[in-house]
Amino acid sequence: MAIIVERVRMSWKQNILRIWKYTPPELNEVPQNHIDEEIFAGHVQTVVNAFGLFEEGTVKLTLTRQVAGLMACLNCVPAYVQDDNKDNIKVGKITIGTYLPLEGIKFPADLLDDKNYNGIVSTSNSNFQFVPLLTFDMEKASNYSSGLKPGDYYTFASNILYADEMKASFSLSESPESKTGVLFGSCFLCPFNNGSHHSKFADNGYATLNIIYYDVNDNEIKRVHLKTSNYSGDDDKALNSDAYQYDILCNQFYSIGTVEEPMNINPKSGYDTYTVRIDNDWTYVHDITSDIFQKN
C-alpha cells in the first residue's frame with residue numbers, strides 16, 4: 001500500500017493535508033490493466049490556532065481507495081464446453097478479462113466524487129482488444145491427461161487452482177466450500193468509465209467483464225458475458241444494456257462468486273447465471289484483506 005501526503009497552508013485558520021501524487025514504475029506501464037499495490041488518496045480540512053498548530057480534535061484524514069478490486073471463485077470447472085456449432089471442445093485455458101487496454105492511472109481521482117474513473121486509455125493501440133485479468137491454465141489440473149469426456153469436471157491438487165497472476169506463495173487461509181475443484185484469483189484494477197466506450201464493447205461482442213474458454217491450442221471456444229447482479233432493469237438480456245456495460249470504479253469490489261459460495265460454471269447451469277456482484281464494502285461483505293491481491 002502506498003500513500004503520499006502533502007501539507008498545504010491555506011490560511012492561518014485552515015490547513016489542507018492532501019495526498020497528491022504517486023508514480024511508481026508500474027504506473028508508467030500497467031500490464032494487463034493490473035496495479036500491484038493498493039493505492040489511497042485523501043484529504044483533511046482542519047483548524048489551526050494563531051501559532052499555526054492544529055487545534056485538538058479538528059484533524060480528520062479521509063482516505064479513498066484509488067483502485068478497484070476483482071475476485072473470482074469458481075467451481076464445477078468443465079473439461080469440455082460446446083462451441084457455437086454445438087461441438088464439445090476440450091478446455092485448455094479459462095480467462096477473465098475486459099476489452100479496454102489501459103496504460104496507467106491519473107492520480108488522484110476526484111476525491112469527492114462517487115464515480116471515480118482514473119484509468120488512462122492506451123493511445124498506442126487504437127484498436128481495442130481483449131485484455132486478460134485472471135488466467136487459469138487447465139494443464140495444471142491433476143486429471144488433465146486423464147480420459148476426460150463431456151460432462152466431467154477438472155480436479156486440482158488441494159482442490160484449488162490459483163490464477164497465474166497470483167503470487168506464487170499465496171494460499172487461502174481457508175479452503176472454499178466446494179465438493180468440486182475450485183478456481184481462485186484476484187487483482188487490483190485500473191478503474192475506467194465504460195460509458196465513454198460503451199458501443200465499442202457491445203459492438204465487438206464484449207461485456208465490461210467476460211469469462212472466455214479456450215481450447216488446447218489457445219483458440220476461443222466460448223465467450224460468456226458477466227452480468228452485474230446489481231442491475232434490475234427490463235433489458236437485462238441486451239449486451240448493450242447497463243446489465244453488461246458497467247463502470248469499473250475506484251473503491252468498488254467486483255466479486256464473481258465468493259469463497260463461501262463459489263460460482264458454478266457448469267454449462268448445464270446456464271451461462272445466464274454468470275454474474276458479478278459490485279460492492280464497496282470490502283471488509284464486511286467479503287471478509288478479505290489486501291493480502292489476497294498479490295501478483296508475481
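pLDDT is the predictor's confidence in each residue, from 0 to 100. The views below show a predicted model.

**View 1. Chain ends of the predicted model with pLDDT under 50.** Over residues 288–296, pLDDT stays under 50, and the model has 32 contacts beyond four places in sequence for this stretch. Residues 1–31 also keep a pLDDT under 50; for them the model has 84 contacts beyond four places in sequence. Where pLDDT is low, the predicted coordinates should not be read in detail. For the protein chain, the mean pLDDT is 77, with 74% of residues at 70 or more.

**View 2. Overall composition of the protein chain.** Three helices and 20 strands make up the secondary structure of the protein chain. Of its 296 residues, 49% are buried. The chain exposes about 14,700 Å², and carbon and sulfur atoms supply 45% of that area. Among contacts between residues at least 6 apart in sequence, 70% join residues at least 24 apart.

**View 3. An open sheet of four strands with antiparallel pairing.** The strands follow one another in the order β12-β9-β15-β16. At the edges of the sheet are β12 (131–137) and β16 (220–225), each of which pairs on one side only. On average, neighbouring strands of this sheet are turned by 20° against each other, direction ignored.

View 4. Strand β15, residues 210–214, pairs with β16 in the antiparallel sense over five bridges. Ile-211 stands opposite Val-224 in β16, and Tyr-214 has Glu-220 in β16 as its bridge partner. Five residues lie between the two strands of the hairpin, where Asp-218 takes a positive phi near 70°.

**View 5. The stacked pair of Tyr-99 and Tyr-206.** The structure holds nine aromatic pairs. In one of them, Tyr-99 and Tyr-206 are stacked, at 4.3 Å centre to centre and with 15° between the planes. This pair links distant parts of the chain, its members being 107 residues apart. Tyr-99 belongs to the loop between β9 (93–98) and β10 (102–105), whereas Tyr-206 belongs to the loop between α2 (198–203) and β15. Both tyrosines, Tyr-99 and Tyr-206, are buried.

**View 6. The stacked pair of Phe-192 and Phe-201, and the aromatic cluster.** The rings of Phe-192 and Phe-201 form a stacked aromatic pair, with 6.2 Å centre to centre and 25° between the planes. Phe-192 and Phe-201 are both buried. Together with Tyr-99, Phe-130 and Tyr-206, these two phenylalanines form one aromatic cluster.

View 7. Asp-247 is found in the loop between β17 (227–228) and β18 (253–256). Asp-247 counts as buried because its relative accessibility is 18%, and the cut-off for a buried residue is under 20%. Leaving aside neighbours within four places in sequence, Asp-247 is in contact with Tyr-117, Phe-192, Asn-193, Asn-194, Gly-195 and Tyr-254. One of these residues, Phe-192, also belongs to the aromatic cluster of View 6.

Methods:
Residues are numbered from 1 along each chain as its sequence is written. This is a predicted model: local features need pLDDT of at least 70, side-chain atom pairs count only at pLDDT 80 or more; totals for chains, interfaces and linings use all residues. Side-chain values use heavy atoms; hydrogens and water are left out. Contact means heavy atoms within 4.5 Å. Two strands pair if DSSP finds at least two bridges between them. Axes are lines fitted to C-alpha atoms, for helices over the stretch in contact, and angles run from 0 to 180 degrees between N-to-C directions. Buried means under 20% relative accessible area, exposed over 50%, partly exposed in between (1.4 Å probe, protein chains only). Accessible areas come from the Shrake-Rupley method with a 1.4 Å probe; for residues, only the protein chains shown count as cover. Rings of Phe, Tyr and Trp (its six-membered ring) pair if their centres lie within 6.5 Å; planes under 30 degrees apart count as stacked, over 60 as edge-to-face and the rest as tilted.
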